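Thanks, everyone, for making the time this morning.

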Amino acid sequence: MYLPRTVTYGYHCEECEDAIWLPTTRAELQWLKDREHVAREVARHVQSGLDTWINEGLDFLDKHHGHSVMLTKRP
Ligand SMILES: [Zn+2]
């Protein structure tokens with residue numbers, strides 16, 4: 001996955017030590033994490049046009065469901 005230098009924020013699973021970096025703002029990542037169920041509803045109804053980071057973020061949250069996932073900033 002190509003990551004421009006502007007990609008600063010992402011999610012980090014404390015249990016798996018796995019992380020994903022997404023090309024969006026911290027506020028957007030917080031929104032997705034807090035309203036995961038809303039985002040999933042939207043994703044279900046929108047066939048295309050959803051930002052890639054939303055799908056990737058949901059995939060990550062899905063994979064680490066029930067784990068301790070933190071919002072994180074690149075060092
Ligand atoms: Zn995990």
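Let me start with pLDDT, which is the predictor's confidence in each residue, on a scale from 0 to 100. What you see is a predicted model, in which local features need a pLDDT of at least 70 and side-chain atom pairs count only at pLDDT 80 or more, whereas totals for chains, interfaces and linings use all residues. Residues are numbered from 1 along each chain as its sequence is written. The protein chain averages a pLDDT of 89, and 89% of the residues score at least 70. When I speak of helices (H or I, at least four residues) and strands (E, at least two), I mean DSSP runs numbered from the N terminus. Among these elements, strand β1, residues 9–13, has the highest mean pLDDT, at 97, and helix α2, residues 36–45, has the lowest, at 87.

Now to the fold. The protein chain has three helices and three strands, and along the sequence they follow the pattern β-β-α-α-α-β. Two strands count as paired if DSSP finds at least two bridges between them. On that basis there is an open sheet of three strands in the order β2-β1-β3, with antiparallel pairing. Because β2 and β3 stand at the edges, each with a single partner strand, one side of each is left without a neighbour in the sheet.

What joins β1 to its partners? Five bridges link β1 to β3, residues 69–73, with G10 standing opposite T72, while four bridges link β1 to β2, residues 18–21, where H12 has A19 as its bridge partner. β1 and β2 also form a hairpin with four residues between them, and E17 in that turn has a positive phi of about 55°.

Finally, the interior. A residue is buried if 20 or more other C-beta atoms lie within 10 Å of its own, exposed if 12 or fewer, and partly exposed in between, with C-beta atoms placed from the backbone. Buried residues make up 12% of the 75 residues in the protein chain. A nonpolar core is a set of buried Ala, Val, Leu, Ile, Met, Phe, Trp, Tyr and Cys residues joined through C-beta atoms within 7 Å, and the largest one here has five residues, namely Y11, I20, L22, F60 and V69. In soluble globular proteins, nonpolar side chains tend to be buried together.
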